[in-house]
Amino acid sequence: PSMDRVGRCADYLDLDVPVLGICLGMQFMAEELGGSTHSGEYGGYADVTVEVLDDEDPLIGDLAPETRVWASHADEVDEVPEGFERTARSDVCEVEAMSDPARGFYGVQWHPEVAHTAEGEAVFEAFETICENW
């Protein structure tokens, strides 16, 4: 995956529906909306302990105080866009998750869809609830 091959991702940000960016999706969202990314020092995939910073966050708040995830850190968000809050961090990456509930935009650096992520299904269930309440 690369920023050069994200296709029509920007179109989804204009639909007035909740959006969940996973890994490259979060990085794309950050750059498209005024934040920034950089190449991560850690590199490839690894099992990481993520500290949830906001136990009220609609997407990952229920995972507080921490959760184990499977993540790639080849690229990372280093500055969240205006309107977003950093909602999780780790020893590997300062922005493991970000949220802008007012616009329905959420992002996670890790991969909730894989078995190696301890509470990945909970992330999707929370996003489903966000969508139902939109």
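Predicted model: local features only at pLDDT ≥ 70, side-chain atom pairs only at ≥ 80, totals over all residues.
Trainee: Which residues have the most contacts inside the largest nonpolar core?
Mentor: L59, I60 and W110. That core has 19 residues.

Trainee: Which elements give two or more residues to this core?
Mentor: Three strands and a helix: β2 (36-52), β3 (66-79), β6 (105-108) and α3 (120-133).

Trainee: Let's zoom in on I60. What does I60 touch?
Mentor: Skip residues up to four places away in sequence. Then I60 touches V52, T87, A88, A97, V108, W110 and V123.

Trainee: New topic, the backbone. Is the peptide bond from A64 to P65 cis or trans?
Mentor: The bond is cis, with omega near 10°. P65 sits in the loop between β2 and β3. For background, most peptide bonds are trans.

Trainee: And phi? What is the phi of D16?
Mentor: Positive, about 55°, although D16 is not a glycine. Most residues other than glycine have a negative phi.

Trainee: Where is D16?
Mentor: In the loop between α1 (9-12) and β1 (19-22).

Trainee: Buried or exposed?
Mentor: D16 is exposed, because its relative accessible area is 61%, and the cut-off for exposed is over 50%.

Trainee: What about C23? What is its phi near?
Mentor: Near 55°, again positive in a residue other than glycine. C23 lies in the loop between β1 and α2 (24-32).

Trainee: Is C23 buried or exposed?
Mentor: C23 is buried, with a relative accessible area of 10%. Buried means under 20%.

Trainee: On to α2. Which residues of α2 are buried?
Mentor: L24, M26, Q27, F28, M29 and A30. M26 and A30 also belong to the core of 13 residues.

Trainee: What covers the buried residues of α2?
Mentor: The cover includes α1, β1, β2, β3, β5 (97-100) and β6.

Trainee: What follows α2?
Mentor: G34, with a positive phi near 105°.

Trainee: Last one, M3. Which residues is M3 in contact with?
Mentor: L24, Q27, F28 and E31, leaving aside neighbours within four places in sequence. M3 is in the segment before α1. M3 is partly exposed, with a relative accessible area of 29%.

Trainee: How many residues apart are M3 and M98?
Mentor: They are 95 residues apart in sequence. In space they are 19 Å apart, C-alpha to C-alpha.

Terms used. Residues numbered from 1 in each chain as written. Heavy atoms only, no water. Core = buried A, V, L, I, M, F, W, Y, C linked by side-chain atoms within 4.5 Å. Buried < 20%, exposed > 50% of the residue type's maximum accessible area, 1.4 Å probe, protein only. Helix = DSSP H or I, 4+ residues; strand = E, 2+ residues; numbered from the N terminus. Contact = heavy atoms within 4.5 Å.
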